[in-house]
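Open the model in your viewer and keep the selection tool at hand. The tour goes from one selection to the next and says what is there.

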Amino acid sequence: MPKAGVKYGPRIKGPDYEQIAKEAETVALTALGLRPERPEDLIVSARPDDLVVKAAEAVRQADAEIALYQGERDRALAHLWFYEQRLGLAKTVGLSPMGYRRNLAATVFGDKTHPLPDAETNEDLIRFAEEAGVERVQDAETKLLEAAPIVHAARARREVAVRVMQAAVLALSQPPYEWSPEQIAEHAGVSRTLAYQHRTAARKRYGL
């Protein structure tokens, strides 16, 4: 990580990621036909066989959106850290400090656990970035502020869809349905392994 000798550029004010996540969760629940104010009623108020299909599609849509924008976000983030030495980028991008460091390591080294380089000066950071092939991104600040909220919202929607899908899988595995994971997987268009994983996660969450 950079040392005290590195001089940082100004902080980039990010959007309200907490509000973005809250709005995204409401959008996700509404799209699934559930009441945002009482998501715990999902099995009572909705048919789990319909819900598991809708939730699986919502996860796929969120994954596609993340795949489309996360690369742009990560390249802009790496550029700003290495080439412009901007301060407070974790908050700017809506990540925890640890998540931010892991993200940079994954972008540069392909390994989120890889330590970031020690740097005594701004020149050290730039030299390392050039040697490591870190991409320079034109208008990186603008691109970061465009892509980061989209990724954040998509991840929030995905989390909601996964929780709903897990609950629906659990409901389908119990009376009156008593579907096997294989039946659920075929119905929802997901892998058998994923159906088992969702059932296990739901059982753990509900203490079953």
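Select Trp179: this residue is partly exposed, with a relative accessible area of 22% (buried means under 20%, exposed over 50%, partly exposed in between, with a 1.4 Å probe and protein chains only). The model is a predicted one, in which local features need pLDDT of at least 70 and side-chain atom pairs count only at pLDDT 80 or more, while totals for chains, interfaces and linings use all residues. Residues are numbered from 1 along each chain as its sequence is written, and side-chain values use heavy atoms, with hydrogens and water left out.

Next, zoom out to the whole protein. It has 9 helices and 0 strands (DSSP runs numbered from the N terminus: H or I of at least four residues for helices, E of at least two for strands). The C-alpha trace spans about 65 × 30 × 30 Å along its principal axes. Of the 208 residues, 40% are buried.

Now select helix H3 (residues 48–82) and helix H5 (residues 97–109). Their axes are 10 Å apart and the packing angle is about 100 degrees; axes are lines fitted to C-alpha atoms, for helices over the stretch in contact, and angles run from 0 to 180 degrees between N-to-C directions. H3 is therefore roughly perpendicular to H5 (65 to 115 degrees; under 35 is roughly parallel, over 145 roughly antiparallel and the rest oblique).

To see the contact (heavy atoms within 4.5 Å), show the side chains. On the H3 side they include Arg73, Asp74 and Trp81, and on the H5 side Tyr100 and Leu104 are among them.

Which residues form one aromatic cluster? Select Trp81, Phe82, Phe109 and Phe128. Rings of Phe, Tyr and Trp (its six-membered ring) pair if their centres lie within 6.5 Å; planes under 30 degrees apart count as stacked, over 60 as edge-to-face and the rest as tilted. By this rule there are 4 aromatic pairs. Phe82 and Phe128 make a stacked one, at 5.8 Å centre to centre and 25 degrees between the planes. Phe82 is in H3 and Phe128 in helix H6 (residues 122–132), so this pair ties together parts 46 residues apart in sequence. Phe82 is buried, at 0% relative accessibility, whereas Phe128 is partly exposed at 22%.

Tyr177 is partly exposed, at 28% relative accessibility.
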